[in-house]
Protein chains: 2
Amino acid sequence: MSKEITARSEDYSKWYNDLVVKGGLADYSAVRGCMVIKPYGYALWEAMRDVLDSKFKETGHQNAYFPLFIPKSFLSKEAAHVEGFAKECAVVTHYRLKNDPNGGGVVVDPEAKLEEELIVRPTSETIIWNTYKDWIQSYRDLPLLINQWANVVRWEMRTRLFLRTAEFLWQEGHTAHATAEEAIAETEQMLHIYAEFAEQYMAVPVIRGVKTASERFAGAVNTYCVEALMQDGKALQAGTSHFLGQNFAKAFDVQFSNKENKLDYVWATSWGVSTRLIGGLIMVHSDDQGLVLPPRIAPLQVVIVPIYKGADQKTALDEKVNGIVAELKKAGIRVKYDDSDNNRPGWKFAEYEMKGVPVRIAIGARDLENNVAEVARRDTKEKMSLSLDGLAGRIGELLEEIQQHLFTKAKTYRDEHITRVDNFEEFQKVLDEKTGFVSAHWDGTAETEEKIKELTKATIRCIPLDNPQEAGTCVLTGKPSKERVLFARAY
Amino acid sequence: MSKEITARSEDYSKWYNDLVVKGGLADYSAVRGCMVIKPYGYALWEAMRDVLDSKFKETGHQNAYFPLFIPKSFLSKEAAHVEGFAKECAVVTHYRLKNDPNGGGVVVDPEAKLEEELIVRPTSETIIWNTYKDWIQSYRDLPLLINQWANVVRWEMRTRLFLRTAEFLWQEGHTAHATAEEAIAETEQMLHIYAEFAEQYMAVPVIRGVKTASERFAGAVNTYCVEALMQDGKALQAGTSHFLGQNFAKAFDVQFSNKENKLDYVWATSWGVSTRLIGGLIMVHSDDQGLVLPPRIAPLQVVIVPIYKGADQKTALDEKVNGIVAELKKAGIRVKYDDSDNNRPGWKFAEYEMKGVPVRIAIGARDLENNVAEVARRDTKEKMSLSLDGLAGRIGELLEEIQQHLFTKAKTYRDEHITRVDNFEEFQKVLDEKTGFVSAHWDGTAETEEKIKELTKATIRCIPLDNPQEAGTCVLTGKPSKERVLFARAY
């Protein structure tokens, strides 16, 4: 078959790329580092977006839309922020093209130069806080709970589909509060929403924690994160939620009069997840036959493939299957009856296996006689013969079983790949051989963190929330430590 | 009140701007020509988007996402297209900022100059047809029915909130077909979807037609449009659907092998509506008290304002109103109980009137005793006392009545403002005094069309579909004509 996939054991990175491209999720475009999200990939993103969007709205957030462009001077107002984003950003300098008088085709018109360059947003804190200045005067205007679904651009030099692209889609929440306590509570609330989404919908177990100072978002006081583990033993950050303190309020002079009628700077949070999540989703569940998608966010949950010879058998099958399709749809199940005659059943089986459709139903003439269908699970590859009576109910249960099984399997793998180590030799050995998270003591300094990264390519993924306090000594320096942190190599 | 609105009769343009800003829909941003869509405006866009998106999906279209950037050379491949868009586009020339060694803050790094400039998409035909080249080989790959929800940028010099902004949100459909007939049928189908959406959801009556050659989309063979009439008698284009022939297929060399196994160029369509629709919606229905929104897309359909003195009355009201809210929500009605104590009932009445909420319910202590509520329609300002028994059912009917009334009122106004004229003096007089559409004979030449535009500022809005054929003479030149066309001054 032309759609053969590289095995994970052979080349993990190529396996990943094969799944994305051959599974019909995305592909590179003619624009360096930018991807085209194909219909199947976009449907997956829509399913994820819809769940998150309703969770945001349930917790009182409203969507809005802010400009794509950020004046260069805005980016510069928060010192750490500009440091973090200036090195890789798309800069708009002109607003017109013209015909080259020397016959060189269409060229930039030098007379249409902008007075101030515009940056294509890499994130929107600066343009949003400049706007909030007009929206917030009093404590009565707070909290302000806004989210934006948008595209952003970061000029990454090395790109990988979904995981790291110059342009990506995301949501970014930006909230404003009267007190630090409230802002911190919001930061934590959104982290838990991300964690619940990852676990309950993506079937991806995550560790909730906070970043060390050197891994913080540029401009944040504290960055919370959820970290997931991929099948190659590398970690992937699956969402971040930042407590921004009063940094952006001060940079953009956003003050409010509090209940005591005194002026104070507003407290801020921001939080986001992106199309990067799709990369993580793929790497947690899929196998050498293709994608494996969790039912709750799979664009297509069930595919039905008819097996027949001749028009009479087809007609009989159609009649029965149309009833089943209606029944499944009524039960809220996303189902497709693929009766196209372009391809043979074997081709279709491979295609839907590649696309990770959770349940495949095959029905032939003899099945009709016996009032059964062959039902195959994508996750375990188990096949079973099920009665056509009450099929929709059984399929609904099966989808839930698959959802739970994917989570349990991923969690077992993840839990087996958190290794406590107490010396640096073991630390390196675990990273190289067993892979996964390493739980180790660290002396709390950025120097040691950097040194460990140089030596092992592992970073501190997070200090888990509710981390047990335990006296120990740093795995590299032997200096005293009060708690273990989680190290891993990461995407 | 601080939120006073300029009257239409005083300054129509200022009235419009007041509604957008004070109604909480949008505002200008710090970036020239770019707007911030505020939560209430974005909720309106979401409601419109959701209806359109489901109509696109029902007709077999899938969403996808293509890059924000278009290489300059792509834009140049279709001659008419580059002519149409090169004059006002945002050009990315660099990919990095750096600290000015001379202490001038953050500046563009001259060493990070792109080899080829990138244009921020003003529309996506070029990048999409460059991609379709890889997706289409055979007639089996056709039709390809794709839609994209995205932001686009056109560097307009004179901007107005929603109506004309440098950045706007829109959807753009891009389809590929094996035959011209199929592509034309698609173009027409999408035009009808736009027309039905405008009339049934926005309550905006539209005329379906085709553009003259000089008003066509840059690169189209034929442009279909829906045209609406605003309260100031000016027309607004509320959606376009283009038959692109083989122009883009030829520019990007997209060929397919047809059923006879011969190579042929693919036939194309594109179609779009944007946040501009919100501007039209406002101008068709609203009045000097504020926005008037049609119930089917109003973010909030019903607001309930309690009128009470003291905590006891409030408790009694809360209990009853919470039941009503639950009942309304169960009936699928978007309702808010505004029991905030920051503002008095009178302030709230004015606020929700300004925001165009279709139905306001006020309930006081005496109403409770009588088991009634005061219900006010935003459109007619009619007030009625309704029994609390079965209120949800009655409100549901009322919302439908309002929806129909808005459409009928707008259609009556529109129909009264289509004037047949047969000489140029009358033509000018109608445009100046009565305003609206002028139905007149035209000799079919671009020269006459241009001359009329110079003399009157009116353009040919469209040649209506199914236009009656009628011999006549051109209103300007007296040359023979076979049909009337619709002229108007337009946004």
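B:K57 forms a salt bridge with A:E46, their closest N and O atoms lying 3.2 Å apart. A salt bridge here is a side-chain nitrogen of Lys or Arg within 4 Å of a carboxyl oxygen of Asp or Glu. Two salt bridges are counted between chain A and chain B.

This is a predicted model: local features need pLDDT of at least 70, side-chain atom pairs count only at pLDDT 80 or more, and totals for chains, interfaces and linings use all residues. Residues are numbered from 1 along each chain as its sequence is written, chains are lettered from A in the order in which they are written, and side-chain values use heavy atoms, with hydrogens and water left out.

**The interface**

| Item | Value |
|---|---|
| Residues from chain A | 61 residues |
| Residues from chain B | 61 residues |
| Area buried between chain A and chain B | about 4,900 Å² |
| Share of that area from carbon and sulfur atoms | 68% |
| Polar contacts between chain A and chain B | 26 residue pairs |

Contact means heavy atoms within 4.5 Å. Buried area is the accessible area (1.4 Å probe) that two parts lose on being put together, summed over both. A polar contact is a pair of N or O atoms within 3.5 Å; within protein, one must be able to donate a hydrogen and the other to accept it, and residues adjacent in sequence count only if both atoms are side-chain atoms.

**Symmetry**

A rotation of 180° with 0.0 Å of shift along its axis superposes chain A on chain B, at RMSD 0.0 Å. In chain A, the C-alpha of A:V92 is nearest the axis, 2.1 Å from it. The copies meet through the same surface, because 100% of the interface residues of chain A are also interface residues in chain B.

**Helix α1 of chain B**

Helices are DSSP runs of H or I, at least four residues; strands are runs of E, at least two. Helix α1(B) spans residues 12-22, and its buried residues include B:W15, B:Y16 and B:L19. Buried means under 20% relative accessible area (1.4 Å probe, protein chains only). The buried residues of α1(B) pack against β1 (26-28) and α8 (276-285) of chain B. At the start of α1(B), a side-chain oxygen of B:D11 comes within 3.2 Å of the backbone nitrogen of B:S13. B:G24 follows the helix, with a positive phi near 75°.

**A buried glutamate**

A:E156 sits in the loop between β9 (144-153) and β10 (167-177) of chain A. Its relative accessible area is 13%, so A:E156 is buried. Leaving out residues up to four places away in sequence, A:E156 touches A:R32, A:E88, A:R164 and A:T165.

Terms used: Least-squares fit on C-alpha atoms with pLDDT ≥ 70 in both. Buried < 20%, exposed > 50% of the residue type's maximum accessible area, 1.4 Å probe, protein only.
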